[in-house]
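Please look over the sequence and the structure before reading on.

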Amino acid sequence: VGTGITVTLLISVVLMLICEIAAVPLMNLFGASDQTLGLSVTYFRIVAAFFPFYLLLNVMNSMIRADGSPAFAMKAMVMGAIINIILDPILIFGYLGFQPMGVAGAAIATVIGQICSMILGIILNHHFNKEVRIHPKGFRPSGKIIWNIYRIGIPSIIMVSISSVMTYFINKLLIAIETTATAAAVFGAYYKLQSFVFMPVFGLT
């Protein structure tokens with residue numbers, strides 16, 4: 001577990017640096033228009049700056065589910081989502097004495113929700129996950145353990161990557177066909193709806 005957390009944090013820092021440096025070309029690559037580029041980069045850079053927290057949240061939730069307590073993982077995610085929903089209008093529009101921050105406020109609300117979920121995940125693992133005990137010595141990377149992690153995880157990495165690549169090419173095709181961003185926006189809405197519909201199925205498999 002310690003090796004997995006160490007690798008996750010190292011990868012998240014590398015991804016954070018890449019995304020912060022290459023935010024503009026990445027947004028262009030994924031179809032941001034002249035009208036949306038500035039907003040996209042603002043949101044992306046704020047969220048990317050906190051990648052380590054987001055990936056550590058996923059590690060904590062995976063550990064809880066592996067222990068046979070998916071309800072605890074759900075509680076952590078739901079709490080983060082509720083905090084995000086509450087903070088969104090406050091930070092976007094400037095309620096309760098806050099300055100209106102627009103899309104930056106939406107990104108900050110997302111990050112705060114993720115950090116709160118991560119903290120709750122750590123607490124739940126510490127108090128309820130009896131199978132895993134994290135010790136400082138366990139954070140020392142082990143080449144054998146890292147190899148075993150990737151040997152098992154590479155098929156999942158490829159599967160998720162294929163989905164992302166497919167979405168990228170469909171977006172580029174739609175933007176080439178339609179001069180406005182409407183077609184890409186419609187596909188994005190459909191993709192989110194499809195993900196929502198299939199979530200119960202994924203939970204059972």
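## Basis

Helices here are DSSP runs of H or I with at least four residues, numbered from the N terminus. The model is predicted.

## Nonpolar cores

The largest nonpolar core is made of twelve residues: Met16, Cys19, Ala23, Met27, Ala32, Leu37, Val41, Phe44, Val47, Ala48, Phe51 and Ala107. At least two residues of this core come from each of helix H1 (2-21), helix H2 (23-29) and helix H3 (37-48). H3 is the main contributor, giving five residues to the core. Ala48, a member of this core, is in contact with Met16, Cys19 and Glu20, leaving aside neighbours within four places in sequence.

Another core, of seven residues, lies apart from the largest one; among its residues are Ile5, Leu57, Met63 and Met118. In soluble globular proteins, nonpolar side chains tend to be buried together.

## Gln114

Gln114 belongs to helix H6, which covers residues 103-128. Gln114 counts as buried because its relative accessibility is 14%, and the cut-off for buried is under 20%. Not counting residues up to four places away in sequence, Gln114 touches Tyr54 and Leu57.

## Nonpolar surface patch

Ile11, Leu15, Ile145, Ile149, Tyr150, Ile154, Ile157, Ile158 and Ile162 make a nonpolar surface patch of about 730 Å². H7 gives the most, with seven residues.

Is Tyr150 buried, partly exposed or exposed? Tyr150, which is found in helix H7, has a relative accessibility of 31% and therefore counts as partly exposed.

Key. Residues are numbered from 1 along each chain as its sequence is written. This is a predicted model: local features need pLDDT of at least 70, side-chain atom pairs count only at pLDDT 80 or more; totals for chains, interfaces and linings use all residues. Side-chain values use heavy atoms; hydrogens and water are left out. Buried means under 20% relative accessible area, exposed over 50%, partly exposed in between (1.4 Å probe, protein chains only). Contact means heavy atoms within 4.5 Å. A nonpolar core is a set of buried Ala, Val, Leu, Ile, Met, Phe, Trp, Tyr and Cys residues joined through side-chain atoms within 4.5 Å. Patches are made of residues with over 30% relative accessible area and no salt bridge: like charges are joined within 9 Å, nonpolar side chains (Val, Leu, Ile, Met, Phe, Trp, Tyr) within 5 Å. Accessible areas come from the Shrake-Rupley method with a 1.4 Å probe; for residues, only the protein chains shown count as cover. A salt bridge is a side-chain nitrogen of Lys or Arg within 4 Å of a carboxyl oxygen of Asp or Glu.
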